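Open the model in your viewer and keep the selection tool at hand. Each stop below says what to select next and what is there.

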Amino acid sequence: MALLEIKNLRAGIDGKEILKGLDLAVNPGEVHAIMGPNGSGKSTLAYVLAGKQDYAPTQGEVRFDGVNLFDMEPDQRAARGLFLAFQYPLEIPGVATMTFLRTALNAQRKKRGEAELSTPEFLKKVRGLATTLGVDPDMLRRAVNVGFSGGEKKRNEILQMALLEPRLAVLDETDSGLDIDALKIVADGVNRLRGPGRSFIVITHYQRLLNYIVPDVVHVLSKGRIVKTGGKDLALELEARGYAEYQEEVAA
Amino acid sequence: MNAPADVTVIKTAAETALANAYTEARARLPGGDAIAAQRAAAFDLFAKEGLPHRRVEEWKYTDLRALMREAKPLASPPDAAAKARARTAGQMLGDVETRRIVFVDGAFVPELSDTAVLERGLTVGSLAAALADRDPLLTAHLGKLAPGSDVAVALNTALMGDGAVIRVGAGSTIERPLHLILVASEQPAASFVRSLVVVEAGARVMLIESHEGPPGSDYQVNAALEMIVGDGAHVDHVKIIGEGAAALHVSTLAAAIGAKARFNTFTFTIGGAVVRNQLFLNFNGEDTVAGIRGATLINGHQHADTTLVVSHVARSCQSREVFKSVLDGEAHGVFQGRIIVNPGAQQTDAKMMTRALLLSERAEADNKPELEIFADDVQCGHGATAGALDRDLKFYLMARGIPEAEAEALLIQAFLGEAIEGIEHAGLREALMDCVAGWVKARA
């Protein structure tokens, strides 16, 4: 059974339909890349899956782990194993990163009926991940993302993902704003988490990230629908030829 | 206002009761002839003006005449049971070690207070005793700092029964914070507490005032504190207004601050049905640095008003004003902040920020910042905001698995944290953050 199954999803914001009948199935352990031009609905898909307010589905069905996704609040989706790495991670003044991480992890564990991690266990885990991901331990003491560079914010997202160990991670343009070194670190972080029990949806505009996170399946999203699906070579093809033909295809 | 002196405008039941209370009590209120004359002059102001109401600009948002339906009788001296209950007061400070100075219904209770053995340079006494003894400290300072035109202060002067008189000698550092614990007993009465604190040059002290009482009693508190901060002194003042849910609380801090001093004051308002917190701060000496902050957390039908008047008289002082309030239910928060930069106060650096977080559609925040600048070489600014919780931040937290109530709690704590972090004492900072956490939890 697919971990995520999207059928004929229509959704939008402020009464404007952006996703216009999207179908997608992601099996456990698979990495899917979703590529598409600006405005094709990539970020809308990410927000609808995570449950952002105002991004309302109007039609269709999404089942995650066999359950209707839209029956769950964002925190319930997270506890069930859905993770969204934000394209623009938010700054939360006054909330220390450590407090944030611990509250998130323990809230998820509690909801799953697992014991909370003790402070030493938690600290050990976070510090270990921070070292692997090249996150300065000093950042963990500061307020969430406040004063972080763009690259630091993205690395912080991957740190959260590694800590929370989701079953499906949606990476929304995680490569944007990253230099090549940061990109490699982020990709390493993702690759380390790859395994039979974990799936990824990698949303990106450019093929570059897919050199480092090699996908099993590549989809082209255009005007709110998936218009082509192929193997990893499809990404290279898009890089060489651009999105123009797909945009026209839909228009025609 | 222009009524002739012989025309009485007293009319509400509360005003009549206050006048009767004064007439009946004045012969037995403590103090000699000079104090009696001071009381009489203050009472005359009240008799002329009546309780402040919405047409008095300073009281526009807190119409005391309407909010104060009746005036409670002056509190009787506390009995043994009331004193016994007061033993556990002041717990909102957690395990912060303080020197306890306890007042029950406005009367000093020596047997609950830790004033027998004091550090060198520190004297602590009761106002009633100081008035009876004609203490020269009172003659020199009492009534000199609080604005004579404010009716709430005038009522306090007319009816003051007891309070603390504290002196910190020149150059003394008092390590242990002084804690004025003001507790109301079950009697639905009124207390008029007046305190005087003189911190001499180069001295250092932390003074905490906490106000509390039973939730079911509609008692009334009018507390005024006059403070003199000497040159080079360092004073941290924290007031915690944790009155019972039905209480009416009016309190005033009036301070004259000298040169090269450090002065921090923080007001934490969490209790009371109607609260008016007034600060009148005069910076009379140059090169002083001040932090003037506050946090308010109210819900239900609570009304809390912070009215601040900062007057920069001397040059080159820096003041930072940060006031934050969280309003839920149908609560009404008021902030009026006026910074006056007098002609001689060149190079003043004053910045005021007030922010209200509205958790409910029916809560109301009124922010009125004012700058009056009469000097030409200054840096002054103010900002005021009012808004709801940031939905995008809430979504970010929830997307990480944090339930809605917990996400809101984190954001509320972070919002107030910016003001509370200004408190230098770590233990007290934590104790207040715990109070915030408790409030947020009770809300959910």
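Select Leu221(A) and look across to the next strand: Leu221(A) stands opposite Ile226(A), which belongs to β12(A). Now widen the selection to residues 217-222 and 225-230 of chain A, which are strands β11 and β12. The two strands run antiparallel and are joined by five bridges. Two residues lie between the strands of this hairpin, and Lys223(A) takes a positive phi near 50° there. Bear in mind throughout that this is a predicted model.

Stay in chain A and select β2, β1, β4 and β5. In that order the four strands form an open sheet, with antiparallel pairing. Which strands stand at the edges? They are β2 (16-26) and β5 (67-68) of chain A; each has a single partner strand, so one side of each is left without a neighbour in the sheet.

Next, keep β1 (residues 4-13) and β4 (residues 56-64) of chain A on screen. Seven bridges pair these two strands in the antiparallel sense. To see one facing pair, pick Ala11(A), which has Pro57(A) of β4(A) opposite.

Move on to α3 of chain A, residues 97-111. This helix has 15 residues and reaches 21 Å from its first C-alpha to its last, close to the 21 Å expected. Colour its buried residues: Thr97(A), Phe100(A), Leu101(A), Thr103(A), Ala104(A), Leu105(A), Ala107(A) and Gln108(A). When you look along the helix, remember that an α-helix has 3.6 residues a turn, so residues three or four places apart point the same way. Just after α3(A) comes Gly113(A), with a positive phi of about 75°.

Now show both chains. Here, 18 residues of chain B are in contact with 22 residues of chain A. On the chain B side, α8 (391-398) and α9 (404-420) each supply at least two of the touching residues. The largest share, seven residues, comes from α9(B). By type, the residues on this side of chain B divide into 10 nonpolar, two polar and six charged.

Select α8(B) by itself. Is this helix enclosed or open? Six of its eight residues are buried, so α8(B) is largely enclosed by the rest of the structure. The buried ones are Leu393(B), Lys394(B), Phe395(B), Tyr396(B), Leu397(B) and Met398(B). Their cover includes α2 (74-79) and β7 (92-96) of chain A, together with α9 of chain B.

Centre the view on Val229(B). Leaving aside neighbours within four places in sequence, Val229(B) is in contact with Val199(B), Val235(B), Ala255(B), Ile257(B), Gly258(B), Ala261(B) and Phe263(B).

The last stop is Asp33(B), in helix α2 (residues 33-49) of chain B. Is Asp33(B) buried or exposed? Asp33(B) has 8 other C-beta atoms within 10 Å, so it is exposed. To finish, draw a line from Asp33(B) to Ala254(B): they are 221 residues apart in sequence, and their C-alpha atoms are 24 Å apart in space.

Methods: Residues numbered from 1 in each chain as written. Chains lettered and ligands numbered in written order. Predicted model: local features only at pLDDT ≥ 70, side-chain atom pairs only at ≥ 80, totals over all residues. Contact = placed C-beta atoms within 7 Å. Nonpolar A, V, L, I, M, F, W, Y, C, P; charged D, E, K, R; others polar. Buried ≥ 20, exposed ≤ 12 C-beta atoms within 10 Å, placed from the backbone. Pairing = 2+ DSSP bridges. Expected span 1.5 Å × (residues − 1).
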